[in-house]
Structures are given as C-alpha cells and as structure tokens.
Amino acid sequence: MSTLSFDDLSLPDALLHAIFDMGYDQPTPIQAGAIPPLLEGRDIVGIAQTGTGKTAAFGLPLLTHVDPQSRHVQALVLAPTRELAIQSAKAMGTFAAHCPGISIVTVYGGASYVPQLRALKDGAQIVVGTPGRIIDLIEKGALNLTQLRMLVLDEADEMLRMGFADDVETIAATAPEPGERITALFSATMPPAIERVAREHLIDPVDISVAPQASTAENLEQTYAIVPFKHKLGALSRVLWTRTEDAAIVFVRTRADADEVSADLTQRGFKAAGISGDVSQSERERIVSRLRDGSLDVLVATDVAARGLDVERLGLVINFDVPREAEAYVHRVGRTGRAGREGRALTFFTPRERSRLRAIERLIDMPLVEVAIPTPREVSEFQARRLLTTLPERIKSGRLELYFELLAEMSDTTGIHIEDVAAALLAQAVGDRGPDSYHDQRGTGRVRREETVDDNGVFVSASFEEGRDAKKRKSRRGGARPVSSGFSRRYRIEVGHRDGVKPGAIVGAITGEGGVTGSDLGKIDIFPNFSLVELSGELSDQAAGRIGRATIGGRRLRIREDTGPSRDHRAGKRRARSY
Ligand code: AMP
C-alpha cells in the first residue's frame with residue numbers, strides 16, 4: 001500500500017477540502033497513478049474497473065483544468081450508460097463542492113432536452129453523457145467542443161461493446177486534436193480495438209494498470225447454483241425464504257431488472273426494494289436506513305447502485321445475474337462478510353454461463369461450492385421448524401384453554417386426530433395448502449405462485465416464467481378465465497403494451513397510489529391496449545380515483561372493475577403476457 005497522501009498530489013485546496021469532507025484518507029492506486037500525469041497535461045490509459053476510485057482519478061484533474069470564469073464546455077466525460085453518466089456526474093459534483101462557478105451537466109438519451117439545453121446555454125463547463133445524446137446535441141448546435149481541454153472515455157471497452165465506436169470517433173473529431181487537449185481513457189480490459197482507439201486519440205499516454213482486487217473475504221462462504229433462466233425468480237424466492245441471514249442484497253444487471261425482480265419479491269411477500277444508479281442521494285439514504293432498521297430485508301440492486309454500501313444486516317449476497325466482468329464479482333460479494341463478519345454469497349449461473357464460473361474461480365483463485373436450490377418441501381420444512389421453535393415459549397405463556405376446548409370439540413365431532421390437526425395447522429401456517437392448490441400463504445403475505453415440480457425436482461413458477469420469458473411464450477390463456485383463488489376482484493386499467501407498461505410500474509402505481517399492499521395483488525395480464533389486475537378485495541372509490549389519475553407512458557390508468565371479456569378477448573385474439 002502506498003503511503004502517498006492527497007496532499008502530495010498538488011491538487012488545489014478547494015479539491016483537497018472536498019476530499020477531506022468525503023473522508024478519503026489516501027489516494028487509491030489508480031488515483032496515485034493517474035492524477036500526477038493528468039495534472040501535468042499528459043494523456044493516460046487506465047486499466048481499472050469500477051470501484052477502484054477511477055472517477056476521482058480523472059475527476060479531480062479535470063476540475064483542476066476547468067476555468068470557472070469561462071463559460072465554454074471545457075471537459076467532456078463519455079460514458080456507455082446513463083447510469084454511469086449520472087453516477088460520475090454526481091461524484092464530480094461532490095468533488096466540486098468548494099469550487100464556485102463550476103457547472104456540470106449530465107446528458108443522456110430518453111430524458112427531456114430542455115434542462116440539458118438550458119444548462120449548456122447557461123455555460124456549463126463540464127458535460128458528462130452518453131455518446132448518442134452528445135452527438136444529437138452537437139448536431140443541434142447546442143454543444144460545442146472546440147474549447148475542450150479534457151476528454152475522458154470512461155469504460156471504453158463497454159462503449160465499444162455497445163456499438164458506440166463510430167459515435168466516439170464523430171465526437172472526438174469535433175474536439176481539438178490529440179495533443180491540443182488532454183485525453184484519459186479508462187477501460188476494464190485492453191482488447192486490440194481499445195489499443196487502436198488509444199493509438200488514434202491519445203499521444204504518448206502514461207499507462208496505469210491497477211490489479212483487480214482479487215481476494216475476497218475469508219469469512220465469506222462462496223457458493224453457486226446452476227439455474228435455468230426461466231427458473232431464476234422461483235429459485236431466488238426459495239433461497240430467500242430459507243435464509244438464516246437478516247437481510248440480503250440481490251444483484252441484477254439493469255435498472256429494469258431491479259424493478260421487475262423487486263416487484264416480484266414484494267408480491268411474494270418479501271420486504272423488498274429495488275435500487276439503481278440513478279436514485280437520488282436522499283432516496284438511497286432512506287433505503288439504507290430502512291435496511292438498517294429492518295423495515296427492508298431484500299435490496300435488489302445494480303452494480304453501480306450498490307457501491308459503497310456497508311450495512312451490517314446484509315449477510316447474504318445473491319448474484320441473480322452473473323456480473324459481466326469477473327472483477328465485479330469481487331465487488332459485489334464484498335457487500336457482505338465485511339469487517340470480520342460472517343457472510344454468504346450465492347451466484348446463479350444458467351447452464352450456458354458455466355464458462356463465467358471458471359473465470360470467477362480463476363480470478364479469486366478458489367473454487368465456488370455448488371449448492372442445490374431449496375425444494376418447496378425444504379422451504380416448508382425450514383419455515384415449519386422455525387415456527388416450532390417458537391411454540392414452547394407460547395405454551396409457557398399460557399391462556400390456551402379456549403384452544404384446548406375447540407380442539408376437543410373438533411376431535412369429538414369429527415373424529416379427527418389431534419396430531420392431524422396440529423400437522424394441518426403447521427402446514428397452513430407455512431403456506432402449504434396441499435398438492436391441489438397453487439396459492440401459498442407464508443404469514444407475511446400471499447405468495448403468488450403457480451408451481452409444479454419438473455423432472456429435475458426444480459420448482460417451476462408459471463407466473464414468473466411468463467414474465468421473464470414472455471417473448472418466447474404465448475399466454476396460456478386466450479379466453480375468459482376465473483379470478484385465481486384468493487383474489488376476489490379483477491380490475492381493468494387502460495394502459496397496455498402500446499404504452500410500454502411493465503408489471504413493476506403497475507404494481508408501483510397500485511400499491512403506491514391505492515394503498516394496496518403487494519400481497520393483495522394477484523395476477524397481472526398485460527394486453528396490447530389494457531391490462532387486467534387481480535386484487536384480493538374491493539378498491540374504495542378514493543383509491544380507484546387516485547390510481548386512475550396516475551399515468552404510465554403518459555396515459556392515465558383509469559382503473560375500473562373488469563366487466564368481463566370483450567368479444568375479441570374471448571375469441572383469444574388478444575394475447576396477454578401474464579406476471
Ligand atoms: P469509483 O471506482 O470511482 O466508482 O469509486 C468507488 C468508490 O470508492 C466510491 O464510493 C468512491 O467514493 C470511493 N473512493 C474513491 N476514492 C477513494 C479514496 N481515495 N478513499 C476512499 N474511498 C474512495
């Protein structure tokens with residue numbers, strides 16, 4: 001470990017002040033390597049992953065080179081995803097906390113042009129964004145890079161992988177020539193295509209390579225399971241039902257996955273929430289405090305969103321999606337087993353992803369232990385055992401006469417054995433309604449599952465299968481169908497596929513606006529022009545009014561009780577995706 005301090009790096013006082021505020025003690029290796037040459041005006045190539053401190057490695061020199069008096073765009077950070085752009089801009093805003101006159105604008109597709117155009121017009125000096133939107137703004141004449149002093153290509157390998165190579169060329173061509181500007185290129189890997197970009201756009205760069213943090217905590221049990229894609233959600237819930245850890249973090253790849261998986265878990269009765277890189281700092285803090293105080297047990301997160309999380313209750317990390325880079329695995333599992341605490345990590349690999357397993361094992365230099373996903377029977381057993389351990393206490397506290405009487409009466413009138421009654425009560429308490437039912441009650445809420453056991457003993461959740469794999473599968477339901485047992489009402493809302501609606505958004509609107517809990521929500525069928533939602537009870541007029549005013553994709557939900565299938569629905573012409 002280097003003993004270099006930030007004070008040795010010739011950074012301006014305003015930045016040292018911000019570094020102090022953030023509590024950074026020492027520069028990370030990428031910072032120690034990149035900051036001095038960038039301050040001198042050299043180009044650099046940094047081989048470094050997310051989590052190494054690379055944002056400050058380029059952000060601090062970038063802020064040093066920007067003149068707050070000038071209202072031209074002086075620095076551009078290109079990022080492959082909007083999530084990363086938002087995250088980097090946010091970090092740079094924090095570094096610039098004591099730099100008056102500095103303005104940073106984040107630009108990415110899918111967001112309104114208006115605030116981006118206004119910020120540029122008002123003289124933002126630093127632009128952080130994704131290539132497509134940057135080109136749009138250049139073409140609109142709103143973004144001029146002729147005064148650029150520093151260009152950062154962040155996650156360059158990811159940008160090429162996502163097909164932004166030409167866009168990067170186009171953007172660089174409107175900036176001053178290499179040599180007339182400082183260029184920093186960061187990439188997790190160095191394939192030949194990136195070497196080519198570096199040769200073309202950088203002059204005599206300083207190479208800084210940071211060894212990935214390859215060791216994982218020793219007190220961390222690292223396991224994996226092979227789970228077919230379509231069984232992942234069912235497997236996830238069974239792992240979570242049988243966890244012994246207080247709280248868990250579930251890693252997914254995209255923001256949409258975070259929404260979808262957290263909505264599914266909420267419906268299954270977990271105290272779950274999703275978090276992705278673009279949540280506000282205050283929302284993030286709220287989620288972290290809910291995790292700490294136990295009002296949240298499962299956090300579904302993207303890599304970016306989970307950076308820096310350190311919550312003691314998090315004893316279990318589940319990689320629902322395998323991380324893209326083996327190195328990210330180390331960062332993900334680092335969310336648990338911290339500071340000597342015990343932790344467990346479980347990574348789902350689909351059968352096709354076995355090669356990724358080897359890559360991770362090579363990096364951490366140890367094998368992961370294969371484990372089986374708990375079967376439904378094991379879930380019931382786990383929960384029943386847990387319940388049984390609480391009973392001696394309950395027996396000790398007394399006042400059971402009423403129940404003795406009821407049991408005796410039942411036994412007398414029906415001849416049913418008390419042991420059978422006890423077994424049935426236990427089964428019911430853990431949500432096991434017997435082989436013919438498909439609704440499951442697990443104390444905290446109704447578990448919305450239609451499940452069968454396949455040939456491999458793997459539990460299959462039909463509702464989830466259709467949700468995750470909707471493109472490949474048609475709905476099994478063409479015509480009218482009864483409301484699933486346990487749900488008494490079906491409501492129709494006037495948004496459907498044409499509005500790009502996702503089940504998570506419907507769950508969010510109904511639970512958020514209507515005061516309905518996730519466990520009161522049953523099946524959601526999304527049709528092209530409308531959707532059907534099952535609820536366990538009637539919605540009050542006020543709740544329906546509030547939900548009806550909510551919009552998805554610009555269209556009001558206008559919820560009302562479903563009056564039955566229309567002709568084309570009955571004829572099976574409309575295809576729904578069910579969730
Ligand atoms: P990055 O790789 O830039 O995304 O940074 C990863 C995380 O490390 C962020 O949460 C940073 O705030 C944090 N970080 C960056 N540099 C340092 C440092 N020198 N000391 C402590 N934490 C840091």
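**Rings and their neighbours**

Guide: Tyr224 and Phe349 are both buried. Buried means under 20% relative accessible area, exposed over 50%, partly exposed in between (1.4 Å probe, protein chains only). This is a predicted model: local features need pLDDT of at least 70, side-chain atom pairs count only at pLDDT 80 or more, and totals for chains, interfaces and linings use all residues. Residues are numbered from 1 along each chain as its sequence is written, and side-chain values use heavy atoms, with hydrogens and water left out.

Visitor: How many aromatic pairs does a search of the whole structure find?
Guide: A pair of aromatic rings is described by the distance of the centres and the angle of the planes. Rings of Phe, Tyr and Trp (its six-membered ring) pair if their centres lie within 6.5 Å; planes under 30 degrees apart count as stacked, over 60 as edge-to-face and the rest as tilted. The search of the whole structure finds six aromatic pairs. In one, the ring centres of Tyr224 and Phe349 are 5.9 Å apart and the planes stand at 80 degrees, so this pair is edge-to-face.

Visitor: Why is the pair of Phe527 and Phe530 stacked?
Guide: The centres of these two rings are 4.7 Å apart and the planes are at 10 degrees, so the pair counts as stacked. Phe527 and Phe530 are both buried.

Visitor: Which ring does Lys140 lie over?
Guide: A charge sits over a ring if NZ of Lys or CZ of Arg is within 6 Å of the ring centre and within 35 degrees of the ring normal. Lys140 lies over the face of Tyr113, 4.4 Å from the ring centre. The charged end of Lys232 sits over the ring of Phe320, at 4.9 Å from its centre.
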